[in-house]
Amino acid sequence: MLRIIPEETQTKDLHQFLVGSIAPRPIAFVSTVDEEGNPNLAPYSFFNAFSSNPPILVFSSNRRVSNNTTKDTLSNVMATKEVVINVVNYDIVRQMAVTSVEFPSDINEFEKAGLTTIASEKVKPFRVKESPVQMECKVKEIITLGDHGGAGHLILCEVVMMHIAEHVVDDNNRINPHKLDLMGRLGRAYYVRASGDAIQTIVQSVTEITIGYDKLPQKVQNSSVLRGNELGMLAGIKQIPDSSAVEAAKEDPKVKACLGGSAETEELHEYIAELLKDPKNNLDKAAAIAWI
């Protein structure tokens, strides 16, 4: 493996290794105003949510590597202590890209990107009308991580009001990711669209104790067929299949065809892998076969 030692690596290269590895990252589309009320809009992918009560979001406005200068967003946040964090969905991702251009501080990025300002209710910065989720925030703290190029300024924001487009909320009063259609940031010019086939459902109870990998049969642990995800599904069951379930699995025609053959174990494991393509309906059966 490549060995990357930060103090021996140029910042521009280290940055790309980091953002290429820690991805996809959500995008904070940050709206601020200066002390005169002039708007600014810029995207930040060093961003996430870190608390629900209180609701805290954190994004980082890094110093530019090329000339060690800071961005208008940081100056505005320091002056006003207010921001609006909008989300970026597929419909506005190319408009968002326009706002990443380093326009002079007197330029309105809303106008340059063709986006619509809409008044906030509890803070001065404008919301992005086209964004399906807009979060009005008060800045709680700014943590400076250095005074050199590439150093971040962590901006801790408390959400004081959220605005969510009704069409992205389902009948259970939860956001539907397919309807939200968010974009995520990777390294360099790469992005990912979080909808359609890119979304997977992984159901795993965190309150019920599971058997774990160490309780799987030794042949399953050492399988040349089953991979990490399949082993993880089997390790995530709540109890080892009982003897009646195992005996019933032996009556499956495909299992009967495998038993006694020269490649019995491999063929059984291939069948398990096939079943686990649909774990919702086949996990119990796959687990019973694993214990044959």
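Predicted model: local features only at pLDDT ≥ 70, side-chain atom pairs only at ≥ 80, totals over all residues.

Reader: At what angle do helices H10 and H11 pack?

Author: Helix H10 (residues 264-275) and helix H11 (residues 279-290) meet at about 160°, and their axes are 8 Å apart. Angles over 145 degrees count as roughly antiparallel, and H10 and H11 are therefore roughly antiparallel to each other. Their crossing is left-handed.

Reader: Which residues of H10 and H11 make the contact?

Author: H10 contributes Leu 268, Tyr 271, Ile 272 and Leu 275, while H11 contributes Pro 279, Asn 282, Lys 285, Ala 286, Ile 289 and Ala 290. By class, eight residues in this contact are nonpolar, one is polar and one is charged.

Reader: What is the order of the strands in the open sheet of three strands?

Author: The order is S1-S11-S12, with antiparallel pairing. Strand S1 (25-26) and strand S12 (191-194) are the edge strands, each pairing on one side only. Strand S11 (residues 182-185) is joined to S12 over four bridges in the antiparallel sense, and Gly 184 stands opposite Val 192 in S12.

Reader: Does Arg 64 count as buried or exposed?

Author: Residues under 20% relative accessible area count as buried. Arg 64 has 18% relative accessibility and so counts as buried. Arg 64 lies in the loop between strand S5 (55-60) and helix H2 (72-80).

Reader: With which residues is Arg 64 in contact, leaving aside its neighbours within four places in sequence?

Author: With those neighbours left aside, Arg 64 is in contact with Thr 69, Thr 70, Lys 71, Glu 102, Gly 149 and Gly 150.

Notes: Residues numbered from 1 in each chain as written. Heavy atoms only, no water. Axes fitted to C-alpha atoms, helices over the stretch in contact; angles between N-to-C directions. Helix = DSSP H or I, 4+ residues; strand = E, 2+ residues; numbered from the N terminus. Parallel < 35°, antiparallel > 145°, perpendicular 65-115°, else oblique. Left-handed = near helix turned anticlockwise from the far one by under 90°. Contact = heavy atoms within 4.5 Å. Nonpolar A, V, L, I, M, F, W, Y, C, P; charged D, E, K, R; others polar. Pairing = 2+ DSSP bridges. Buried < 20%, exposed > 50% of the residue type's maximum accessible area, 1.4 Å probe, protein only.
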